[in-house]
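Here's a walk through one chain, going from the overall fold down to individual side chains. Have a look at the model first, then read on.

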Amino acid sequence: MVATTFIVFGNVFLVSFGNHQSPVYTPEQLIAKYSNLVFVLYCMSLVFVVALSQYLYRSGETILSDNAKDTSTHWRTLLPFSYAIVSGAIGSCSVLFAKSLSNMLRLTMSSRYQFHSWFTYSILLLFLCTAGFWMARLNEGLSLFDAILIVPMFQIAWTFFSICTGFVYFQEYQVFDTLRIIMFMLGMTFVFIGISLLAPDENKGAHLAIS
């Protein structure tokens, strides 16, 4: 109940203080946003985060395989977390590509844009790749880790990177004042706290198992 309360109030803050504008961009404007310096720097940092998380995952996997009896909470928590970070960072890009496709579809319906172009097919391909990657990692993660542990981590990573990617790409920071930024961050924090509270208590689980 506490976790659900945090998630509900967090989403209320996100919706209330988020960006409510829904402009329609031309393909040229969308391409310009993809080549924007801030977005390029964000993508570079995203690549770094993915590479670092993948390195940590492989390192933890090797350590745990070499020390099968090692029950270190550090690695057993970091391993699924780094796996979720890689999955969420790449998979959440599908949301951005889906928004771009939706934008172009709206232009096509208004007869101001022909849907057949290299840009459209490129975005469609990227969407299918990232969405397919996310679904594959989600299924694989459920087979590798305890569902009640990995699913909240997946949701946190997915939500965080989806918000950040859209925030940077659509330059929503330009229409945010101090109050909206604070309340928006508070909403994100509430959602993450709520999701994390859904994760199992290992100490409690171990105690019940012993009992």
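How many helices and how many strands does the secondary structure of the chain come to? It comes to nine helices and zero strands, where helices (H or I, at least four residues) and strands (E, at least two) are DSSP runs numbered from the N terminus.

## Ground rules

This is a predicted model, so local features need pLDDT of at least 70 and side-chain atom pairs count only at pLDDT 80 or more, while totals for chains, interfaces and linings use all residues. Residues are numbered from 1 along each chain as its sequence is written, and side-chain values use heavy atoms, with hydrogens and water left out.

## The overall picture

Reading from the N terminus, the elements go α-α-α-α-α-α-α-α-α. Of the 211 residues in the chain, 36% are buried. Here buried means under 20% relative accessible area, exposed means over 50%, and partly exposed is in between (1.4 Å probe, protein chains only).

The chain exposes about 12,300 Å², and carbon and sulfur atoms supply 69% of that; accessible areas come from the Shrake-Rupley method with a 1.4 Å probe, and for residues only the protein chains shown count as cover. Take the contacts (heavy atoms within 4.5 Å) between residues at least 6 apart in sequence: 80% of them join residues at least 24 apart.

## What the record says

An unreviewed UniProt entry lists residues 37–57, 77–98, 118–136, 148–169 and 181–199 under "transmembrane region". Those positions are given in the numbering used here, feature names are shortened, and annotations may be inferred rather than shown by experiment.

Two of these spans can be set against the model. Residues 77–98 are 95% helix and 0% strand, with end C-alpha atoms 32 Å apart. Residues 148–169 are 100% helix and 0% strand, and their end C-alpha atoms also lie 32 Å apart.

Helix α3 covers residues 37–66, and L37 is found in it. L37 counts as exposed because its relative accessibility is 60%. Together with V40, L41 and M44, L37 forms a nonpolar patch on the surface with about 390 Å² of accessible area. Patches are made of residues with over 30% relative accessible area and no salt bridge; like charges are joined within 9 Å, and nonpolar side chains (Val, Leu, Ile, Met, Phe, Trp, Tyr) within 5 Å.

Side chains of opposite charge can pair when their charged atoms come close. The structure holds one salt bridge, meaning a side-chain nitrogen of Lys or Arg within 4 Å of a carboxyl oxygen of Asp or Glu. The partners are E61 and R58, with their closest N and O atoms 3.0 Å apart. Both lie in α3, three residues apart, or about one turn of the helix. E61 is partly exposed at 32% relative accessibility, and R58 is partly exposed at 46%.

Helix α5 (residues 93–109) has 17 residues and reaches 25 Å from first C-alpha to last, close to the 24 Å expected at 1.5 Å a residue. The expected span is 1.5 Å times one less than the number of residues. Its buried residues include C93, F97, S100, L101 and M104. S94, also in α5, is buried with a relative accessible area of 6%. Leaving out residues up to four places away in sequence, S94 touches F127, T130, A131 and W158.

In helix α6 (residues 118–144) you'll find I123, which is buried at 4% relative accessibility. The C-alpha atoms of I123 and S100 are 7.4 Å apart, although 23 residues separate them along the chain. M135 also sits in α6, but M135 is partly exposed, at 44%. Its C-alpha is 8.1 Å from that of G91, 44 residues away along the chain.

F81 belongs to helix α4 (residues 73–91) and is partly exposed at 40% relative accessibility.

Buried residues of α8 include M183, F184, G187 and M188. Their cover includes α1 (2–17) and α7 (147–169).
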